[in-house]
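Reader: I am new to this structure. Please show me how to read its features one at a time.
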Amino acid sequence: MKKLTIGVITYNNSVEQLTQLSKSLRLAAEHLTVPNRLVELLVIDNGAESHWPEPVCNMAKLPSQGNIGFSKGMNCLMDAAFRDSTCDAFLCLNPDGALHRMALQAMIETFERESQALLEARQFPEEHPKPYDETTFDTPWASGACLLIPRVIWQRLGGFDSNLFMYLEDVDLSWRARSAGFSVKVVPSALFGHAVLGRKPNRDIAKFLLLSGRYLARKWQNEEFQDWAERELVSQGFFASRKDIPAVVSSSDEPSALDFGVADFDNLFYFSIPRWT
Amino acid sequence: MLTGLAVPSTDNHTLSVVIRFHDPNRLALLEEAIFSLALQFWRDIELVVVIQNGTAAIEAQIAELIEKQPWLGQPMYQVLSLQFSPGFDGRSKLLNHGVQHAKGRYLAFLDDDDYVYQHGYCVLIESLSGNQQVLAAGKCRVSRSRKSNGYWHIYQKNSPFEWGRNLADLLFDNFIPIHSYVIDRTRIAPEDLWFDEQLNLLEDYDFLLRLTAKYRFDFSNLDNPVCEYRYHETNSLQPDLDLNPASTPKIRQARELIDARKNSLTISLSVLDLLLLRTELQVAVPAPIVEPSVDKKLLIDLLTKQNRSLNKVVDKIYDFAHQHTGLISILVFCTRSVRKFLAAFR
């Protein structure tokens, strides 16, 4: 028997969001026909204690460590999940969405064929515009909103870069996976309902995105993007001047392990040539 | 005209979404449309699925699809069938049947292969709650996809309907696809809620023309994408093609019926006033020309009752704009026409 552990980090999510997510998880688990496969849910609260309306997928919780960010939170969940030797895959899942009833089936079926690949569900109704190959389903990077990470990739790469508090840790992981010879693929038949349009502008998000972009550029040695991110951090009023921006923390990844050729900084935060803008 | 329609109470906050379903081979597409409804931030939703030549088995399949979505509560739905002769396209009849059975105060329509973004209905209903308009419209994007390795691969998204901004544009041509608006039924006479069953194409535009001649619409959300029109190889109509009257005999015939409707409809004075003197023409006419009362009087005089057919009104609008603003309005008008022309061949 093999196990897929679904990891969810909550951050003050509404009861409605968690109700819909858990209902979708129950439906997706009920539609799973892959033999010898267990699914469990592992949760950590980065904000207030989360209240889940119904028991779903043998849910367990790790003790909260406060707001440790997305990367560290997911790394905690992955460390705990992969301690169980029967767990061969981990699914990062955002709490503010809902799986389609056939999504887990599609993700696991694909994983059993493509065990050396990061696998991304297709966000719905608005999927990410980054491209993917129509035959191989290869994509330059995978979003962490609904992302399957095989044990073999976790063992090799050790999860997300914990220097990234939130945002772009998925781009970094994808580029590191490709640098190490793994694939990154979209699973078009796995839908993850996730609202990405109609959001109100949020300055905190904009700031975190720029800070993460700056770190990513430094790590992947793109001075032009780093310079652009720093100018934006100042021009958007997050810092008075470039001198006031905190120094970039050094990455623990060996530069020799990174294939700088996979990094695409030419299309701003698309990190690829988008199919539409 | 549909008989037996009642005006819902204002305490009713249910949104009835009428979905017409023509082809049992499109159940997978229908499920995505329904999934998009289950994800809506507006939670009080009733689905009214009307099937062309449905059977008990198809009805049961659709009911099962609805039940298997992650609704927050128990889903409210009706699955209905209408029988037609083979080859008959009953799209208007399906809509009318859905309207007759809908219980919600708010009404929306969704084709079986399209979908609505999560915030879509919430934005439109909240907009209606802040005004007295009968219909609120949002932006509709178009995605183009091809079947590739068994999956629909979206290769492009754009917004070919964004040329339309206001009432004057709507009288010129339709830029509001059927799933991009919500109607508040408490503000509309039941006898006005019907689709012309003679029309099996552009029936949605005919419906909007009749409503817009009588009621005011809320166009304030046209920059906010609320839904997606999916163009793929099984669509009956390309979203841009219907702008071209010469495309097919079927489209030509529908265009002729629309033109007849424009000539026979009388526009209400309150709508006329809005059309000519308020926000609608400010795009084309500089504010000083629009605002002074002398111009208002001039326009009301110009548009005497016998001249109030829709086609004549559209002509008058552009005549007026031409006389008063010269090149500016002509440029705006021409730019729109060129954009529409180019969109048809994009």
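Author: Start with buried area: the accessible area (1.4 Å probe) that two parts lose on being put together, summed over both. Here the area buried between chain B and chain A is about 2800 Å², and carbon and sulfur atoms give 56% of it.

Reader: What kind of model is this, and how are chains and residues labelled?

Author: This is a predicted model, in which local features need pLDDT of at least 70 and side-chain atom pairs count only at pLDDT 80 or more, while totals for chains, interfaces and linings use all residues. Residues are numbered from 1 along each chain as its sequence is written, chains are lettered from A and ligands numbered from 1 in the order in which they are written, and side-chain values use heavy atoms, with hydrogens and water left out.

Reader: How many residues does each chain bring to the contact?

Author: Contact means heavy atoms within 4.5 Å. Chain B brings 32 residues and chain A brings 30 residues.

Reader: How should I read salt bridges across the interface?

Author: Side chains of opposite charge can pair when their charged atoms come close. The rule asks for a side-chain nitrogen of Lys or Arg within 4 Å of a carboxyl oxygen of Asp or Glu. Across the interface of chain B and chain A it finds six salt bridges. One of them joins Arg122(A) to Glu32(B), with the closest N and O atoms 4.0 Å apart.

Reader: Which elements of chain B touch chain A?

Author: Helices (H or I, at least four residues) and strands (E, at least two) are DSSP runs, numbered from the N terminus. Those giving two or more residues to this side of chain B are α1 (27-38), β5 (115-116), β6 (135-148) and β7 (151-158). β7(B) gives the most, with seven residues.

Reader: How do I describe two packed helices?

Author: By the angle between their axes and the distance between the axes. Axes are lines fitted to C-alpha atoms, for helices over the stretch in contact, and angles run from 0 to 180 degrees between N-to-C directions. The axes of α1(B) and α2(B) (residues 56-67) come within 10 Å and cross at roughly 35°. Residues making the contact include Leu30(B) and Ile34(B) of α1(B), and Ile62(B) and Leu65(B) of α2(B).
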